[in-house]
Amino acid sequence: MADFPAHASPGLPPLASPGPNDHQHFRLHHDPARQDLHSQNGAAPPLVTPHITPPLTPNGEHVDIPAGAQASAKAAHDAATETSAPKLLETLPEVKCEVRARIPTTTGQEMFLHLYHNNVDNKEHLAIVFGPHIRSRSLDAPRPGETERDRMIRGAYTGTLFPGRTSSRRVQELRREAGVEPVADITSKHEGEEHEEEVKRKLGPALVRIHSECYTGETVWSARCDCGEQLDEAARLMSGLCTDPSAEEQPPHADHPSLAQPSLGGVIIYLRQEGRGIGLLSKLKAYNLQDLGADTMQANLLLRHPADARSYGLATAMLLDLGLGGDKGVRLLTNNPEKVRAVEGPGHEVSVVERVPMIPIAWRTGGKEGIKSKEVEMYISTKIEKFKHMFSE
């Protein structure tokens with residue numbers, strides 16, 4: 001398996017961190033009052049709209065919040081509590097893959113970066129695809145007035161680009177169209193739509209990660225969250241997937257048993273919804289509120305935002321465009337149970353056949369590797385206690 005580099009999560013000096021078996025009891029100065037608060041509500045707080053705005057900070061002490069800020073938080077809370085769970089879209093957005101490009105990596109593993117436009121926002125969302133069997137339908141579809149060179153420039157080609165190439169299709173396809181007998185040994189192994197569909201039928205579900213943009217965690221080495229680490233880990237896992245159905249039986253996978261099975265490949269859907277959908281400006285304000293004693297959920301509410309303002313309809317539409325709908329389903333790499341429900345879509349267009357958990361590296365290595373900081377421990381604690389993320393199967 002390729003040892004995918006931690007571009008976004010540099011190694012930091014070890015600090016105290018929970019062990020790999022401690023996540024069931026991961027608490028920060030737990031107070032009985034908070035336990036009573038949760039037990040009285042019974043049901044887990046929902047992803048977008050919490051039932052309550054907890055009055056205590058993670059260390060059990062009251063935050064000295066001005067009355068105006070309290071009123072703002074209450075207004076945001078009241079506006080958000082109209083529903084108990086994230087609303088599923090009635091219809092999926094329309095998406096179109098505008099361009100695809102091959103990206104060689106520092107480990108030698110190649111991926112294809114797909115850029116999407118859509119009819120609901122003006123952002124450029126991305127799909128990072130590992131393996132040769134996953135293709136965009138909207139990208140491959142012919143477009144009026146385009147030439148073969150146009151198709152190659154926007155990435156709608158098969159095979160490999162090389163200097164002097166003149167067609168977006170493989171040479172073998174052109175030979176068949178011209179009535180020339182294709183080369184038998186090449187055709188039997190690599191060519192033909194029927195052969196490719198047969199290969200896909202033999203392969204297991206693709207591994208999918210829905211990742212929301214995090215400038216601070218991916219670019220400026222923030223230890224307030226584990227977003228950069230999760231992006232790196234997803235890429236590392238997908239770069240090691242076996243996509244050859246004729247390959248010999250793989251040894252047991254160190255991270256998860258199902259990842260040893262031959263797979264269609266891997267896809268990271270990269271959505272441009274910074275800060276759980278509130279944007280970078282508000283996210284930085286939320287950081288200051290966290291330093292004043294609020295947790296990540298409370299900070300968003302104090303800024304009159306939902307606890308989590310993200311949406312996953314675009315992710316569902318992009319997965320369908322990549323041919324990952326239907327009965328085969330996908331394996332979803334996530335700790336967020338609400339994400340499973342949201343990604344499947346309003347009509348169950350995408351089937352999540354398995355949830356693959358993402359265990360923090362610091363937990364798996366006993367604190368020897370991964371992100372270690374009091375901020376990330378508080379961040380993960382809030383995920384578990386308030387967003388009900390599951391760090392096990």
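How many helices and strands are there in the protein? The predicted model holds 16 helices and 7 strands, where helices (H or I, at least four residues) and strands (E, at least two) are DSSP runs numbered from the N terminus. Residues are numbered from 1 along each chain as its sequence is written, and side-chain values use heavy atoms, with hydrogens and water left out. Because the model is predicted, local features need pLDDT of at least 70 and side-chain atom pairs count only at pLDDT 80 or more, while totals for chains, interfaces and linings use all residues.

Of the 393 residues in the protein, 48% are buried; buried means under 20% relative accessible area, exposed over 50%, and partly exposed in between (1.4 Å probe, protein chains only). The accessible surface comes to about 19500 Å², and carbon and sulfur atoms own 54% of that area. These areas come from the Shrake-Rupley method with a 1.4 Å probe, and for residues only the protein chains shown count as cover. Among contacts with a separation of 6 or more, 68% join residues 24 or more positions apart, a contact being heavy atoms within 4.5 Å.

A cavity here is a set of points, on a 1 Å grid over the protein atoms alone, where a 1.4 Å probe fits but cannot get out; lining residues have an atom within 4 Å of a point. Grid points are joined across faces, edges and corners, and a volume is the space filled by probe spheres set on the points. The largest cavity holds about 450 Å³. Its lining has 29 residues, of which Cys225, Cys227, Arg276, Arg310 and Tyr379 are the closest to the centre. Several elements give two or more residues to this lining, including strand E4 (206-212), helix H9 (227-239), helix H10 (274-277) and helix H16 (374-385). By residue class, the lining divides into 8 nonpolar, 12 polar and 9 charged, with Ala, Val, Leu, Ile, Met, Phe, Trp, Tyr, Cys and Pro taken as nonpolar, Asp, Glu, Lys and Arg as charged, and the others, Gly among them, as polar.

Arg310, from the centre of that lining, also touches Gln273, as do Ser212, Glu213, Ser311 and Tyr312, not counting residues up to four places away in sequence. Gln273 sits in the loop between strand E5 (266-271) and H10, and it is buried at 11% relative accessible area.

Two further buried sites are worth a look. Ser136, in the loop between strand E3 (125-130) and helix H3 (137-140), has a relative accessible area of 1% and is therefore buried. Its side chain reaches the backbone nitrogen of Leu139 at 3.1 Å. Beyond neighbours within four places in sequence, Ser136 is in contact with Cys97, His114, Tyr116, Asp321 and Leu322. Gly313 belongs to helix H13 (residues 313-321) and is buried at 6% relative accessibility. With neighbours within four places set aside, Gly313 contacts Leu89, Leu92 and Pro93. Gly313 and Thr91 are 222 residues apart in sequence, yet their C-alpha atoms are 8.5 Å apart in space.

His348, in the loop between helix H14 (337-343) and strand E7 (350-356), has a positive phi near 55° although it is not glycine, and is partly exposed at 45% relative accessibility. Lys388, in the segment after H16, likewise has a positive phi, near 60°, and is partly exposed at 28%.

Key: 1 Å grid on protein atoms, 1.4 Å probe; cavity = no way out; pocket = protein on both sides within 12 Å on 5 of 7 lines; lining within 4 Å. Polar contact = N/O pair within 3.5 Å; in protein donor to acceptor, adjacent residues only side chain to side chain.
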